[in-house]
Amino acid sequence: MLAVGAQKREVRAVWLTTIGGLDWPHSYSQSELSAEKQRQEFCSILNKLQKAGVNTILLQTRVRATTIYPSVYEPWDGCLSGFPGKSPGYDALQFAIDECHKRGMELHAWVVTIPVGKWNKLGCQRLRKKYPNLVCKIGDEGYMNPEKEQTADYISQMCYEIASNYDVDGIHLDYIRYPETWKIRINADAARRNITRIVEAVNRSVKGIKPWVKISCSPVGKASDLTRYWAHGWNARDVVMQDAQQWVKNGLMDALFPMMYFKGNNFYPFAVDWQEQSNDRIIAPGLGIYFLSPSEKNWSLSEISREMYVLRQYGMGHAYFRSKFFTDDVKGIYDFASRDFDTNPALVPPMTWEKKTAPDVPKGLKLASGNLSWQKEKNLVYNIYSSRKWPVDIKDAENLMIARQEVNHLVVPEGNGRYYAVTAMDRYGNESEAAQSHQKEIVTKKMLRVCGKYVELPAGFFPTDNVIVVASVEGNMLRALYVKDAKADVSAIPSGMYQIRSVNRKGVSHRIGFFCIPMH
């Protein structure tokens with residue numbers, strides 16, 4: 001089991017719905033004044049989510065064959081202006097991206113794929129008119145036909161439009177499956193291939209222009225029946241033909257947000273299964289926090305909090321469904337997350353399967369009169385760390401102060417005894433080594449002399465068993481060295497700054513001093 005404390009790398013997501021204004025907006029944009037009110041509501045939601053450690057916003061962007069941005073393919077959704085097909089007077093997707101990025105959050109465009117809404121509503125109606133054979137009717141709802149190759153082409157065009165025109169961090173595919181009421185008349189393997197064909201088309205269209213954009217989906221919460229646990233007739237692979245575990249194995253998906261709105265043995269073994277079959281991709285199970293509501297299933301908070309602890313133990317993230325239940329603090333879920341569970345910011349795990357090379361250390365870091373600044377490089381964001389110990393340890397999650405900043409300056413308190421470090425991070429999440437704000441006085445006060453291949457130890461120092469330990473500046477033990485005539489051979493140690501530590505027979509370690517091996 002992994003520790004359940006603060007994690008430096010972890011997806012903490014929320015689904016923010018726009019359909020019917022469920023999460024946002026709760027007022028219409030019909031003038032500049034009302035547009036500003038709508039935008040301010042969004043900012044207030046983000047501020048609250050940021051305070052609770054959320055770093056990933058899954059924003060419903062394609063709603064029901066309608067959009068919250070100006071699309072050449074589909075009309076405006078009515079959630080923004082109050083009138084389907086009418087612009088709210090601003091680009092809500094662009095605004096949302098800008099505001100998320102200001103707060104160090106990722107914005108993933110949530111694209112509802114197969115359902116296209118009520119049969120006679122604007123989105124479905126226009127799509128049927130343009131493509132008469134592409135939409136099927138089930139009850140009074142329209143669905144894109146997954147058995148038509150044109151469905152894959154169309155959805156991939158929508159995703160290409162979003163990825164090419166907007167600086168999104170991800171494309172999140174929702175309902176990428178057969179409707180549960182669809183009468184499947186072909187064999188299961190062929191049906192699964194129909195859904196996978198859509199995923200392949202989206203992956204090609206998006207990754208072809210921006211390989212750092214994460215492709216994800218929200219599969220049904222149970223991938224398939226397990227050896228010891230039955231999915232009770234409702235699973236992704238065998239019922240709705242959603243082969244999500246295979247999608248992460250063959251590189252079609254970067255992340256999965258399975259809809260695990262269950263508890264007990266309907267949750268834990270299936271969550272572990274997702275992680276075991278993850279191919280080291282991102283797994284952030286969706287938590288059914290709406291079931292905390294007395295008007296739903298009236299779950300206790302402990303049901304969700306225990307799930308969150310277990311997910312962290314297994315190295316998974318978490319995603320809340322949905323935003324309003326979270327920010328309304330139903331049963332205390334918001335207070336638990338912000339005060340007890342996600343008290344520190346976290347970075348999203350890096351996409352090392354796409355790229356592994358880390359950027360260079362930020363240059364020109366200066367701290368003067370309470371202003372921390374450094375040189376900004378194109379296509380990089382920055383993480384700021386702080387500690388009362390020098391050098392600032394960037395591996396310690398509790399030292400992460402601000403994540404994913406696009407600016408290259410920060411006002412910090414003066415005279416508070418804190419040190420700062422800044423790292424650069426690329427679009428894939430690869431992080432540089434740290435630039436430290438201080439070169440501490442120990443460099444001059446406790447420097448040991450290096451003469452030739454030997455470091456000379458202080459007069460009168462007699463190490464236990466004539467052995468000392470070389471450690472990194474941060475204090476990580478590297479290797480033991482034998483001492484003779486108050487000297488130790490450091491010729492095999494690479495260039496850099498190190499410290500010498502003694503270790504007594506009880507295992508207690510003390511710092512003796514620092515030494516520097518110059519570049520050769």
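Residues are numbered from 1 along each chain as its sequence is written, and side-chain values use heavy atoms, with hydrogens and water left out. Because the model is predicted, local features need pLDDT of at least 70 and side-chain atom pairs count only at pLDDT 80 or more, whereas totals for chains, interfaces and linings use all residues.

**Aromatic pairs**

The structure holds 25 aromatic pairs, a pair being two rings of Phe, Tyr or Trp (its six-membered ring) with centres within 6.5 Å, called stacked if the planes are under 30 degrees apart, edge-to-face if over 60 and tilted otherwise. One of these is formed by Tyr 131 and Tyr 154, whose planes stand at 70° with the ring centres 5.5 Å apart, so the pair is edge-to-face. Tyr 131 belongs to the loop between helix 4 (122-130) and strand 5 (135-138), while Tyr 154 is in helix 5 (residues 149-165), so the contact ties together parts that are 23 residues apart in sequence; helices (H or I, at least four residues) and strands (E, at least two) are DSSP runs numbered from the N terminus.

A stacked pair is formed by Tyr 498 and Phe 515, at 5.5 Å centre to centre and 25° between the planes. Tyr 498 lies in strand 26 (residues 496-503) and Phe 515 in strand 27 (residues 509-517), 17 residues apart.

| Residue | Relative accessibility | Class |
|---|---|---|
| Tyr 131 | 18% | buried |
| Tyr 154 | 3% | buried |
| Tyr 498 | 10% | buried |
| Phe 515 | 0% | buried |

Ring pairs also link Trp 15, Phe 257, Tyr 261, Tyr 290, Phe 291, Trp 299, Phe 321 and Phe 325 into a cluster.

**Charges over rings**

The charged end of Lys 48 sits over the ring of Tyr 334, 5.2 Å from its centre, and Arg 177 lies over the face of Tyr 175 at 3.8 Å from the ring centre; the criterion is NZ of Lys or CZ of Arg within 6 Å of the ring centre and within 35 degrees of the ring normal.

**The largest pocket**

On a 1 Å grid over the protein atoms alone, a pocket is an open set of points where a 1.4 Å probe fits, with protein on both sides within 12 Å along at least five of seven lines, and lining residues have an atom within 4 Å of a point. The largest pocket is lined by 23 residues, and Pro 391, Glu 433, Gln 436, Val 473 and Glu 474 lie nearest its centre. Strand 26 supplies the largest share of that lining, three residues.

Terms used
Buried means under 20% relative accessible area, exposed over 50%, partly exposed in between (1.4 Å probe, protein chains only).
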